[in-house]
Amino acid sequence: GTTPVNLRGEPILSRTGGWVAAFFIFGNEMAERMAYFGLSVNMVVFMFKVMHRPFTTSANAVNNFLGISQASSVLGGFLADAYLGRYWTIAIFTTMYLLGLVALTVSASVPALAPSQQGCDELAMLLGACAPAAPWQMAYLQAALYVTALGAAGIRPCVSSFGADQFDERSPGYKRRLDRFFNLFYLAVTLGAVAAFTAVVYIQMHRGWAAAFGALALAMGASNALFFAGTPLYRHRVPGGSPLTRVARVLVAAFRKRNAAFDSGGFVGLYEVAGAKSAIRGSAKIDHTDDFRWLDKAALQLEGLAGEPDPWRLCTVTQVEEVKILLRLLPVPACTVMLSVVLTEFLTLSVQQAYTLNTRVAALHLPVTCMPVFPCLAIFLILALYYHTFAPLARRLTGHPHGASQLQRVGLGLFFSVLSVAWAGLFERYRRGYAVRHGYLGLFLSPMPDLSAYWLLIQYCLIGVAEVFCLVALLEFLYQEAPDAMRSVASAYAAVAGGLGCFLASALNTTVDAATRDDGAGRPSWLAQNINVGRFDYLYWLLAVLSTINLLVFVYVAKRYKYR
């Protein structure tokens, strides 16, 4: 049931798959990440400066776009596992992604699709005196954004799983190759992010918005061509039918037999089809486990049932075990939602900090919007050194062949995320105090020449290390632990966690803003537009407390988890 096939469903050739096929897939992911991060760093400024939306409204709109593009990833995972397969799901949604980027390029190129820029200088923007965008202009921009978001949602849960499918799980050294694949996959993600934070920002500053969005569209078009060029080399997994239907059948069957007892006189046994193959296409049989015993009632065979079993009354052990695995996996990605909250906050808050700092070192002047490149560089460095430094050292301490287990690496990443926000709170307290002491209280868009923005590198590097350990290990963990016919759905768990993090960051900002502002008493919000008046340091420390609680919950979850 798990034998790979070619695009026509025929048995695979021996010269398909492997690293050559995987590298075609890396190119697609690199361009997708370039577009994703390019929009995340530029769209807030585009909405503020071109569409004349308030900064907070712009940031929340982009956070919602990022959240939808990740949280709706379960749709792509469902279609891939149920009907289309991973290849056709990527092919359809990556084309949709390209169409969305072309529409955004048109929005930045056609003057009629943006409000008038006449008399709109920096002071007018800050005072909100610029001509607002017409409702239909915002509707076009939002439609283009959400087509792009839907394209991203469709391919995100499939690309890593499709790349991992290219390796033969029955071959010697499979786990070692899979471990290296996910590290290289995240390296491709990082290279796309570096291109977004450097090349795309440079193009925007020197050639304008249309050229910047056009560059993203060209990169996505080139990656699509590369992905389709590798078609003869790919290995495919047969879709196993609707995973949601199988889950629903197990829950309904278990509920119908909720009063049946395992020790009753009518108990025959737990049902499974005869033979070596599973009843689920694309899946091997799964051995019975003792967790979630109430679900076993879905497979409970009772006397008096003759003929073909009703799938809504009697399920196989493998179907029941699929649902058990999905439930066992759920707490792990849930514990990474807090990391996504921190990453989302850093994308906006750290940039606002950087506007008040000196970004020049000797002759090098780095634009503020390029600052998020530093976590990417930290990720790049860690991935490059992982097998030569961390893995050998960790192997001596743990005895684990890969240095640390997948859950240990996730926990280590969450620990570094706590350190990153704790340092961010300490530095922000110092930066704000410096602004007050030196007369910069009202000059929140003027850099303080004697305070370097490169102090932000500490929090950027710490969050970069957190990403490497947590998110790479999470992708590998979900792929290896997931049922054979639900790997795309399981991979979507990571993207959904990221999307929930974006939504929670927006909700947290809204709640903190409402709870800490008192206009009657003249007390500004922690998130006041003037960062020197606000208290970003309090927000960072709140994030540090929440992240610490989240880490403790994860340690409890990880200790209870049993690998398949």
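R328 counts as buried, with 15% relative accessibility; here buried means under 20% relative accessible area, exposed over 50%, and partly exposed in between (1.4 Å probe, protein chains only). Its salt-bridge partner, D291, is partly exposed at 33%. This is a predicted model, where local features need pLDDT of at least 70 and side-chain atom pairs count only at pLDDT 80 or more, while totals for chains, interfaces and linings use all residues. Residues are numbered from 1 along each chain as its sequence is written, and side-chain values use heavy atoms, with hydrogens and water left out.

**Salt bridges**

- The structure holds 19 salt bridges, a salt bridge being a side-chain nitrogen of Lys or Arg within 4 Å of a carboxyl oxygen of Asp or Glu.
- In the pair R328 and D291, the N to O distance is 3.3 Å.
- R328 sits in helix α9 (residues 317–329) and D291 in the loop between β1 (267–270) and β2 (300–302), so this pair ties together parts that are 37 residues apart in sequence.
- Helices (H or I, at least four residues) and strands (E, at least two) are DSSP runs, numbered from the N terminus.
- R156 and E32 also form a salt bridge, with their closest N and O atoms 3.0 Å apart.
- R156 belongs to helix α5 (residues 135–164) and E32 to helix α1 (residues 18–49), so the pair links parts that are 124 residues apart in sequence.
- Both partners are buried: R156 has a relative accessible area of 11%, and E32 has 0% relative accessibility.
- E32 and R156 also belong to a network of salt bridges together with E29 and R33.
- R431 and E428 make another salt bridge, with the closest N and O atoms 2.8 Å apart.
- These two residues are 3 residues apart in helix α13 (residues 406–437), which separates them by about one helical turn.
- R431 is buried at 0% relative accessibility, and E428 is buried at 0% as well.

**Cavities**

- There are 5 cavities of 30 Å³ or more.
- On a 1 Å grid over the protein atoms alone, a cavity is a set of points where a 1.4 Å probe fits but cannot get out, and its lining residues have an atom within 4 Å of a point.
- The largest cavity has a volume of about 740 Å³, where grid points are joined across faces, edges and corners and a volume is the space filled by probe spheres set on the points.
- Its lining has 37 residues, and R33, F37, Y186, E467 and L471 lie nearest the centre.
- Helices that each supply at least two residues of this lining include α1, α5, α6 (174–207) and α14 (456–481).
- The lining of the largest cavity divides into 25 nonpolar, 8 polar and 4 charged residues.
- Ala, Val, Leu, Ile, Met, Phe, Trp, Tyr, Cys and Pro count as nonpolar, Asp, Glu, Lys and Arg as charged, and the others, Gly among them, as polar.
- Domain 1 (1–239) and domain 3 (328–563) each give at least three residues to this lining, with domain bounds taken from an automatic or database domain assignment.

**Cysteines**

- A search of the whole structure finds 0 disulfides, a disulfide being a pair of cysteine sulfur atoms within 2.5 Å.
- C158 is in no disulfide, and the nearest cysteine sulfur, that of C502, is 19 Å away.
- C158 is buried, with a relative accessible area of 0%.
- For C470, the closest cysteine sulfur is in C335 at 9.5 Å, too far for a bond.
- C470 is buried too, with a relative accessible area of 0%.

Key: On a 1 Å grid over the protein atoms alone, a cavity is a set of points where a 1.4 Å probe fits but cannot get out, and a pocket is an open set with protein on both sides within 12 Å along at least five of seven lines; lining residues have an atom within 4 Å of a point.
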